[in-house]
Amino acid sequence: MDNAEQLLRQFKEGDEHAFEEFVKGLWKPIFQLAYRFTGSSHEAEDLCQETFMKVYQNAKTFRGESKAFTWVYRIASNVCLNWKRKKIPEPAPPDIMPHERHDFLMKLELQEVFNKLSAPERMLVLLSKFYGFSYQEIGDILSISPEKVKSRLHEAKVKLTKELPEFFKKGGGVNGLQESTV
Amino acid sequence: MDCKRAQFNLTAYDDKELAGSEALEIKNHLEQCQSCTALRLSLSETWKALDLLPVEEPDAYAAIRFLNRRKPAKVFPVFRWAMAATFMVMLTIGSLMTEKSGMMNPSSNQPEQAALTSSLFPDLESSGGGNDKVLFEAIFDEADSTGNK
């Protein structure tokens, strides 16, 4: 969203319409971040609303020290991580048709493996994998250094590789992994 | 470069987050190390597998609903005036009807009450009409005479 900065600036100057455009432009990526994090569309919508409510309430005090885009993701990440701390039970898997079963079970298994990561690791992976943020930007969003992003992301990737069933991959090169990364 | 250090940097290497010289070192190491190359492949397959993580499209109207809920309910000025005028008209009609039926002024129906009383107790007419004391005595007298019979 290239014009996020501009829309946020206009909103700070009192243009409510700019906020509406801002929300419409970012709703989908924030919803999908929350969905992948929670695994529930209902929870994702709630978290999405909470994120934009916080954006609305705090936009006037946003000083522009970071990009508007990363600022919104920081709020969304915090909202998601706080949700996780509240220890809400996992949603029940939806009903599926027999012809969808194989695909569904694969996805479910992948989701289970993904859920074995800690909440911050999951957020780290999502921000890197699906939103293409640089290590510097992820560091800004999660308030950690880019070096920390680098090591944590690698650890998360190795964990996933070890846990992931073989049918997801062909190489199996994780067996050659040197113990304890630097 | 040893394998341990190379492996630690593999993710950053694939993410193009390493400085030029460091990236070159990794590249050279991978060209001669099969196990690190295999690990790199495995990591990238894992990364690719994440594309299968379930995801949904948001409800098309969710953002609109959120934006509408955030706004205070707008009542158009014309509508507001119409509501106030309707209320005033209803209030006026109500007070007029109440006045007409006499509820606002109980003394206005005294003649009707007097007519009703005289029809029930014709004897009271001669003994002074609306005097409460006489009325009660007449009622008790009537009761006594009925009982004595």
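1. At what angle do α8(A) and helix α4 of chain B pack, and how far apart are their axes? In this predicted model, α8(A) and α4(B), the latter spanning residues 34–49 of chain B, pack at an angle of about 85°. Their axes lie 9 Å apart. Angles of 65 to 115 degrees count as roughly perpendicular, and α8(A) and α4(B) are therefore roughly perpendicular to each other.

2. The residues that make this helix contact can be named on both sides. From α8(A) come A:K157, A:L160 and A:T161, and from α4(B) come B:S42, B:L43, B:T46 and B:W47. Sorted by class, the contact of α8(A) with α4(B) has three nonpolar, three polar and one charged residues.

3. Chain A contributes 40 residues to it and chain B contributes 31 residues. On the side of chain A that touches chain B, the elements giving two or more residues are α2, α3, α5 and α8 of chain A. The largest share of that side, nine residues, is supplied by α2(A). By class, the residues on the side of chain A comprise 17 nonpolar, twelve polar and eleven charged.

4. The largest nonpolar core has 47 residues, and A:I30, A:A34 and A:L124 touch the most other members. Elements of chain A that give two or more residues to this core include α1 (4–12), α2 (16–38), α3 (41–58) and α4 (68–85); also among them are α5 (101–115), α6 (119–131), α7 (135–142) and α8 (146–163). Helix α2(A) gives the most to this core, with eleven residues. At least three residues of this core are drawn from each of domain 1 (1–92) and domain 2 (93–165) of chain A.

5. Leaving aside neighbours within four places in sequence, A:I30 is in contact with A:C48, A:T51, A:V72 and A:A76. Apart from the core described above lies another core, of eight residues, among them B:A12, B:I26, B:C36 and B:L43. The residue B:L43 was also named in the contact of α4(B) with α8(A).

6. Is helix α7(A) mostly covered or mostly uncovered? The helix is mostly covered, since six of its eight residues are buried. The buried residues in α7(A) are A:Y135, A:E137, A:I138, A:D140, A:I141 and A:L142. What covers them includes α4, α6 and α8 of chain A. Just after α7(A), A:S143 takes a positive phi of about 55°.

Notes. Residues are numbered from 1 along each chain as its sequence is written. Chains are lettered from A and ligands numbered from 1 in the order in which they are written. This is a predicted model: local features need pLDDT of at least 70, side-chain atom pairs count only at pLDDT 80 or more; totals for chains, interfaces and linings use all residues. A nonpolar core is a set of buried Ala, Val, Leu, Ile, Met, Phe, Trp, Tyr and Cys residues joined through C-beta atoms within 7 Å. A residue is buried if 20 or more other C-beta atoms lie within 10 Å of its own, exposed if 12 or fewer, and partly exposed in between; C-beta atoms are placed from the backbone. Helices (H or I, at least four residues) and strands (E, at least two) are DSSP runs, numbered from the N terminus. Domain bounds come from an automatic or database domain assignment. Two residues are in contact if their C-beta atoms, placed from the backbone, lie within 7 Å. Axes are lines fitted to C-alpha atoms, for helices over the stretch in contact, and angles run from 0 to 180 degrees between N-to-C directions. Angles under 35 degrees count as roughly parallel, over 145 as roughly antiparallel, 65 to 115 as roughly perpendicular and the rest as oblique. Ala, Val, Leu, Ile, Met, Phe, Trp, Tyr, Cys and Pro count as nonpolar, Asp, Glu, Lys and Arg as charged, and the others, Gly among them, as polar.
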